[in-house]
Protein chains: 2
Amino acid sequence: MASAQEENPVPETKVLAVASHVSYGFVGNTMATFVMQSLGCEVAGINTVHYSNHTGYRQVKGTKTTAEEVRTLYDGLTQSYLTDFDVLLSGYAPTAAVVEAVGDIAQDLKRRAEGKPGSFFWILDPVMGDLGRLYVAEDVVPAYKKAIHHADLILPNQFETEILSGIKISNTTDLANAITSIHKTYGVPHIIVTSVQLSSLGSSTPSGLMTVIGSTVRSDGSPRLFRVDIPALECNFNGTGDMFAALTVARLREAVYATGPTLRNTKSWVSPDDVSPTELPLAKSTEKVLSSMHAILLKTMEAREVELAATANTIDPTGLTEEQFQVREHLRRTKAAEVRVIRHADYLRNPTSMFKAQAWAE
Amino acid sequence: MASAQEENPVPETKVLAVASHVSYGFVGNTMATFVMQSLGCEVAGINTVHYSNHTGYRQVKGTKTTAEEVRTLYDGLTQSYLTDFDVLLSGYAPTAAVVEAVGDIAQDLKRRAEGKPGSFFWILDPVMGDLGRLYVAEDVVPAYKKAIHHADLILPNQFETEILSGIKISNTTDLANAITSIHKTYGVPHIIVTSVQLSSLGSSTPSGLMTVIGSTVRSDGSPRLFRVDIPALECNFNGTGDMFAALTVARLREAVYATGPTLRNTKSWVSPDDVSPTELPLAKSTEKVLSSMHAILLKTMEAREVELAATANTIDPTGLTEEQFQVREHLRRTKAAEVRVIRHADYLRNPTSMFKAQAWAE
């Protein structure tokens, strides 16, 4: 029997996780909670929606949580002195009012951590849209722009980076400028832009690669940019952003602790200026996070092929219109692509190192 | 890197879990989901309450799920063909209407499994009360009495066994009669009565032991009674019933599969009459479940002592009435006793065998 210490490489971490909940499948808190728990984190979940399944199925039933309900649950925690959180991880919020409630919760937790720099850290995934399309109400955007001033690390995709920076990203210089602008405008010390296709931005990076770009700010406000390239996978997964965020909670804390006792007692865990981009805990964390993810997504693709083969021709087209048949096929394919995180949890805990961060200068 | 097979001793299992959700701490689905996931089960959760914390704190905020919301979430699963569940695990339901909704879900899943005996199994924890006190509304009792006819395994405590059987349990003969009566009245093939203190029922069992009594019915309706004795722990834990139920989902399936391909394709997994009480998969499962639980609860007691020592004298009595001070102390003690399941998950996966089932004849 391994000791709790050997079993749990990641330091003890209490996380408040505010995101969506689905009954079937893995996105939002349903993904993030299991991932963080597998790495030894205690997770308190406040669920912003209660849905039957993720929206990738294109049909869903359930309810949204109101901002008042989110606030009430948090009040329940404070009245019983259950607010000893090291990290807040916040994801999808269905309304601007819920974004505001989460911002207020973050500020309350920050206030409670006053005088103990580094003892509380907010990782915020500003879920607003993707690929040029906003999928939240328009008033959610200004709510995020206000809240983000209090975040320690944000995880926007390329489209969300454009929204937050106000910079249309057409080439790699735009991307670097957008990150610099976000550091400056919002005072956010750490940024990771998830899944950028550099080849589409005029870079010589092969088109079969996806890139994650990160940065921890220097004291002069300049970014320390790094990149990690990973093979792009030919599959529409759901919940990968939530998996990335959840793994980052555990791995960033682990990487910060690995530097010794100083950094973790420093406000927002910002490394001294002489730490190079690739030596940043954020870069070390991202390498490990992506190694876990890539292994699990490869296993998911294998399992998807098996499930698609086993369920091929199981939908009887008799009495179905072509459109109804296509809906059924879409449901079958979406279910087959659910991320196989449960039975491959060992890849979360013990990833084989596959990717290296490189400095990225534009 | 272990293969998925080596990593997961328990057969692939898809579970629909209907129970309460708390943000902080571990009871209901918050406990059961992690426990089952740790053993490799895919878990779809429908949460019957959304509370800040468990009721052992004596104060709680949050909302109850209505029966209509439970039905809507299940409708969401059926409309997208996401009902491939092997097991339904149902726990706390806040109203009679929710008990009825869960009963209807169970019957729908049973109907979908028609023609494939053993392919669907319902484990029902009839949460009604404890130690002589009902803690649900009175109309929940007849709702359970109706639903239980469709369950494969129920997990009542001694008080719930009295309610369901209508037999007041004053001695061990009463207990055996109550179990026999439940087999007969409700046609429930498997019963486990959790945490009985046999010494209080006139048995010569030492008072420091707690006993779990189980039975799988024979074809003539007689019970096959077994007992597993465990040391009683001096601590009020919350969520242990949910941990027991969740571990049983995985371990019972594992034990049934271990007997070969016949039993798992038999209605309700009822072993042939020549299988003795202690050789029942239900007995094998209970041995393993209790070994995991005992190890984790011992670790919890250690961690509780450390936390109570670290937080001793942290509550400033200035300005507090004696009653207010006692409320704060109760909150502190309750928090310290939260089950440490996350950082000792290896005891869930790989328990050291500690307890043996014995035949129990009264």
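Two residues are in contact when they have heavy atoms within 4.5 Å of each other. Keep that in mind for this friendly tour of a predicted model, in which local features need pLDDT of at least 70, side-chain atom pairs count only at pLDDT 80 or more, and totals for chains, interfaces and linings use all residues. Residues are numbered from 1 along each chain as its sequence is written, chains are lettered from A in the order in which they are written, and side-chain values use heavy atoms, with hydrogens and water left out.

**Where chain B meets chain A**
- On chain B, 57 residues are in contact with 57 residues of chain A.
- The two chains bury about 5,000 Å² between them, 55% of it on carbon and sulfur atoms; buried area is the accessible area (1.4 Å probe) that two parts lose on being put together, summed over both.
- Two salt bridges are found across this interface, a salt bridge being a side-chain nitrogen of Lys or Arg within 4 Å of a carboxyl oxygen of Asp or Glu.
- Asp84(B) and Lys335(A) join their side chains in a salt bridge, at 3.0 Å from N to O.

**Strands of chain A**
- Helices (H or I, at least four residues) and strands (E, at least two) are DSSP runs, numbered from the N terminus.
- In chain A, strand β2 (residues 42-51) is mostly covered, with ten of its ten residues buried; buried means under 20% relative accessible area, exposed over 50%, and partly exposed in between (1.4 Å probe, protein chains only).
- Strand β1 (residues 14-22) of chain A runs parallel to β2(A), and eight bridges join them; two strands pair if DSSP finds at least two bridges between them.
- Ala19(A) has Asn47(A) as its bridge partner in β2(A).

**Leu153(B)**
- Leu153(B) sits in strand β8 (residues 153-154) of chain B.
- This leucine, Leu153(B), is buried, with a relative accessible area of 0%.
- Leaving aside neighbours within four places in sequence, Leu153(B) is in contact with residues including Phe121(B), Trp122(B), Val188(B), Thr248(B) and Leu282(B).
- His190(B) is 37 residues from Leu153(B) in sequence, yet their C-alpha atoms are 4.5 Å apart in space.

**Arg227(B)**
- Strand β11 (residues 225-231) of chain B holds Arg227(B).
- Arg227(B) is buried as well, at a relative accessible area of 13%.
- Beyond neighbours within four places in sequence, the contacts of Arg227(B) include Leu198(B), Thr205(B), Lys356(B) and Trp360(B).
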